[in-house]
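Subject: Structure for you to look at

Dear colleague,

Here is the structure I said I would pass on. Please open it beside this message, and my notes follow below it.

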Amino acid sequence: MKLVCSQSDLSTNLSLVSRAVPSRPTHPVLANVLLQADAETNQVSLTAFDLSLGIRTSFNAEVWQGGAIALPAKLLVDITSRLPEGEITLDDESALTGATPGGEGLIVTLTPKSGHYQVRAMGPEEFPELPVIENTEVIHLTTAALIEGLRGSLFATSGDETKQVLTGVHLTVKQDTLEFAATDGHRLAVVETSNERPLGGTSQVEVTVPARALRELQRMLAHSASSDEPVALYFDQGQVVFAWQNQRLTSRTLEGQYPAYRQLIPRQFERQVTIERRQFVSTLERIAVLADQKNNIVKVSIDSDAQEITLSCEAQDVGSGRESMPAQISGENIEIAFNIKYLMEGLKELPSTEIQMHLNQSLTPVIFTPLGGLKMTYLAMPVQLRS
């Protein structure tokens, strides 16, 4: 195998796939990245797989001689990221004479313009195949829609591994929409985006995908050239695949019944507040300085007569703070309290200039929605105010 590629292509693609390399591999070959070079297409593909999350990317190169080899991921990333820009030659010809059938003794030589590096490698035979989903309905959606859905839901997933199903985002594929939902038990984020589903696809598909896999998908999509590029989704029992351009991400799905989150969202509200989002968030950030000193609680006082809301925090033995801002309010006055972290995280992801806050009583779920644009619902549970 021999190929010539640019340092930037090799380094960028290595850093993407290496995130699927396990920190404690159950088998030595899993600590490697599989490099496959095709002389006919002049394409090089890199694959990493920890048996749960798999990532494959491809890029153009000048392939003089095709082949495949498993290279130590961390070492290769650390070397290539530090090499100067320019062409790099990779070849294993020099070591093939001393290699054993199992690939032991393989040496790959990297030759940048300023020198050369040799790395011990393994044969490709033991590297596990990425799962392939066949004979299943394909769902297409745009990169922009997928990024929107991930951005508006991933932050609300749980970090508690004892509630496995809550550590993922629940995807529901309907006839012409894809719904993203995430909850950690304290808040809920739901985003609806449009998809381009093939004619004849009528059944609703539901699957819960680990947040870790979707964060890597988000990272990979950010590197994609075009937001109009369609992404193909394949679902199967226990497996999901995202494929676009020369990239592919596969992940196991999470088992277990996802909560019936639609039942948590109230249908009628006694009060409604419309407010400028950035002003609300920046005020919360200032109040948070004090809230962080106490118990992360912020009090929100809604004054219908004055058409303003007041945010306040009292941190005993530290200090207190309060700020008011104008708002359009319908309904009676009320005082309500939130965990400031949950409030800020949700409001930062609502993609509009103005937002609406819908609420009933001081301890019933509060709904935040953007005015116009993305169809997103953010539910935050209030906390009890201790007098």
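This is a predicted model: local features need pLDDT of at least 70, side-chain atom pairs count only at pLDDT 80 or more; totals for chains, interfaces and linings use all residues.

The open sheet

Five strands make up an open sheet, in the order S5-S1-S7-S8-S9, with antiparallel pairing. Strand S5 (62-65) and strand S9 (117-121) are the edge strands; each has a single partner strand, so one side of each has no neighbour in the sheet. On average, and ignoring direction, neighbouring strands here are turned by 20° against each other.

Within this sheet, strand S1 (residues 2-6) pairs with strand S7 (residues 87-91) in the antiparallel sense, over five bridges. Opposite Cys5 stands Ile88 in S7. Helix H1 packs on the sheet and touches both S1 and S7. The direction of H1 makes about 90° with that of S1.

Arg24 sits in the loop between helix H1 (7-17) and strand S2 (32-38). Is Arg24 buried or exposed? Its relative accessibility is 75%, and the cut-off for exposed is over 50%, so Arg24 counts as exposed. Between the C-alpha atoms of Arg24 and Asp50 there are 9.5 Å, while the two residues are 26 apart along the chain.

Strand S13 and its partners

Strand S13 (residues 187-194) is mostly covered, with seven of its eight residues buried. Which strands does it pair with? One is strand S12 (residues 177-183), which runs antiparallel to S13 and is joined to it by seven bridges. In this pairing, Thr177 stands opposite Ser194 of S13. S12 and S13 form a hairpin with three residues between them. Gly185, in the turn, has a positive phi of about 95°.

Another partner is strand S26 (residues 375-380), also antiparallel to S13 and joined to it by six bridges. Here Leu188 has Leu379 in S26 as its bridge partner.

The domain record

UniProt, in an unreviewed entry, places the feature "domain: DNA polymerase III beta sliding clamp C-terminal" at residues 262-383. In the model, residues 262-383 are 20% helix and 45% strand. The end C-alpha atoms of that span lie 21 Å apart.

Regards

Conventions:
Residues are numbered from 1 along each chain as its sequence is written. Side-chain values use heavy atoms; hydrogens and water are left out. Buried means under 20% relative accessible area, exposed over 50%, partly exposed in between (1.4 Å probe, protein chains only). Helices (H or I, at least four residues) and strands (E, at least two) are DSSP runs, numbered from the N terminus. Two strands pair if DSSP finds at least two bridges between them. Axes are lines fitted to C-alpha atoms, for helices over the stretch in contact, and angles run from 0 to 180 degrees between N-to-C directions. Contact means heavy atoms within 4.5 Å. UniProt positions are given in the numbering used here, feature names are shortened, and annotations may be inferred rather than shown by experiment.
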